[in-house]
Amino acid sequence: MGGKTGFSLLCLLGPFFALWALFWLVPLGMGIDLSLQSPDFRPVHRDAVLPENAPVSSSLTFLDWRTPQEEVREDVPRYVGLENFEKAIADSKFHKALSNTVIYVFGSIFVILPLAFALAVNLHALARVPRGVLVFLLMIPGLALPGVLSTLFYLFFHGRTGALNQYLVIPLGFDPVNWMMDPNFIMPSLIMQAVWRWTGLVTLFFLCGLEAIPRWQFEVARIEGVGPWMRMRSILFPGVRHLAVFAAVFLVVDGFAAFSGAYNLLGGSGGIQDSGLLLVTYVYQVAFPGGSGRFDFPGAAAMSLLVAPVTAFLLFLLLQARKTFFPR
Amino acid sequence: MRRVPSFLLLGVAVLVCLYPFAWMFLSSFKTNKEIYQPTLFFPSDYEWDSYAVLWSGEYLPFLDYFLHSILVSGGQALLATFVTAAAGFAFSKMSFRGSGWLFGVAILIILVPKQALAVPLFEWMAWLGWQGNLWSLALPGVASGLGVIFFTQVFRKVPDELIDLAKVEGLSPVRTFVALLPLIAPALMTFCFLHFILSWQEHLLPLLLLDDENLTLPIALAKLRDSSHRIPEAVGMAAATLSLIPVVFLFGLCFRKMKTALVELSLS
């Protein structure tokens, strides 16, 4: 013990915590500081000029932020307390974005987990080589850029003549759905995109969980003549328990950070009636409004910080759910 | 006969996962008119024009952006793997005061994702004067909360006897950690690969942080598909196809190790 161990600890934990402090704690502190300020007050280093073409929807060529803006308003108080938080909580568009995101996250989890489990169980019954090949192929959408997925969704799946309408909706005898314009279908579209993207990865997780189950358990089940439901409940579920929780946490974290897919699909807007507005998109809209809008960095910062308790609450719920469904 | 529904389910799933990407590849040879007919699979003729356009950098310096993406994602993934593995080792194999508390603080990162901190991060980078260069994009992602959790779990599986043995041999904890790395190679590769994908797909931070000449692939793709429809769709499809190649290649390399690591992890 003593100095030597202390030095080792520093070597092992130092790099992580240095980066943690530099790129998470400091921005977090700045975010808290920013969220307490008035959007009308502009300290010198934050001065920026919005160029003619706003960045939000069309071109992504970014602003030159170092252009100084001379007009510093002296008459406005710098700190306004919790005003930005109150504004965010009262903002109906923020509610919409929040509830959309929660629907998006839970919608995708509730589709992905059972689907991936079913796929993994069926894959598990195959021989080793085809099993590996099929999982590999199922993973491909998860490897592609979300922007590519959105483009494919836009060009291939959607539209009156798109694959979804041609191969699924019309053969089933329904009217073709206008996926991108009908507010009832934007959210399902986004969820479908998430399902398409992540089911393969979660299937891989589950398959590895199933492969880790010792063979004798299946033997015993076969000899005892255990029915499929009991087999599922007492052998397969426990096998994937940990990985299911890990996958759910991953999906919650990723869902709250979701930006690229909706951004590409809806061009930075929230879609018709904001029915596809997700949190990060809205924060981005508030921070960098298009056209004549005013940058509202403090407002955006306050909203970002409000996300943390929601995520924490959802993760807490998930862990509680695990205890209920999988005691032990 | 019992297996028929099973094959049907798997077949449909694989078809849904694969067909659009095959369509995407073939669309890089199509004209706009052909692309707007999603049910058309094969192009009328095969010209590699759209790839040549990307290569020559007519619309944007695609090759540069491609290289940036590889550098940023590769660098970030490697750094993140070793940094979080070291932290995971310290948390699971060394006992020190405040370790539980420190662990809790470390994984708080998960609750406030870096995308949510984009605005202050952007200001902070501007203040540091790093804004615009590739480091400003690569470094923030290195401290990963998921990584710390993952490697803490991984090192818990390593028998304590090995640590004791190293102690008897007089190895310092840092040397012990380095000596253990080959043992957890599958886990290292798995995390490295997953982190590579996440960084490869990052869209918001490069949009905010990078200069125009330093952009990465997701933004290049978005630019190729901007609303003015000036650029043929086939070029976007070609770029999308190219953007998939490095990740699929890496995935092929890591696939088996990844399965080993995941199987081991689920045995707890």
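**Domains, interface, core**

The C-alpha centres of domain 1 and domain 2 of chain B are 32 Å apart. Domain 1 covers 1-47 and domain 2 covers 59-266. Those bounds come from an automatic or database domain assignment.

Ground rules next. This is a predicted model: local features need pLDDT of at least 70, side-chain atom pairs count only at pLDDT 80 or more, and totals for chains, interfaces and linings use all residues. Residues are numbered from 1 along each chain as its sequence is written, while chains are lettered from A and ligands numbered from 1 in the order in which they are written.

Back to chain B. The contact between its domains takes 8 residues from domain 1 and 7 residues from domain 2. Contact here has a cut-off: C-beta atoms, placed from the backbone, lie within 7 Å. On the domain 1 side, α1 (4-27) and α2 (32-35) of chain B are the elements giving two or more residues. Of these, α1(B) gives the most, with 3 residues. Helices are DSSP runs of H or I, at least four residues, numbered from the N terminus. By class, that side has 4 nonpolar, 3 polar and 1 charged residues. Ala, Val, Leu, Ile, Met, Phe, Trp, Tyr, Cys and Pro count as nonpolar, Asp, Glu, Lys and Arg as charged, and the others, Gly among them, as polar.

Now the two chains. 82 residues of chain A are in contact with 77 residues of chain B. On the chain A side, helix α1 (residues 3-35) gives the most, with 19 residues. That side of chain A divides into 57 nonpolar, 22 polar and 3 charged residues.

Is B:Ser266 buried or exposed? B:Ser266 counts as buried because it has 22 C-beta neighbours inside 10 Å. The cut-offs are 20 or more other C-beta atoms within 10 Å for buried, 12 or fewer for exposed, and partly exposed in between. B:Ser266 sits in helix α14 (residues 233-266) of chain B. Beyond its neighbours within four places in sequence, B:Ser266 is in contact with A:Cys208, A:Gly209, A:Ala212, A:His242 and A:Leu243.

Last, the core. A nonpolar core is a set of buried Ala, Val, Leu, Ile, Met, Phe, Trp, Tyr and Cys residues joined through C-beta atoms within 7 Å. The largest has 173 residues, and A:Phe205, A:Phe206, A:Val280 and B:Ala87 touch the most other members. Helix α7 (residues 183-211) of chain A gives the most to this core, with 16 residues. Leaving aside neighbours within four places in sequence, A:Phe205 is in contact with A:Leu243, A:Phe246, A:Ala247 and B:Leu262.

Note on methods:
Two residues are in contact if their C-beta atoms, placed from the backbone, lie within 7 Å.
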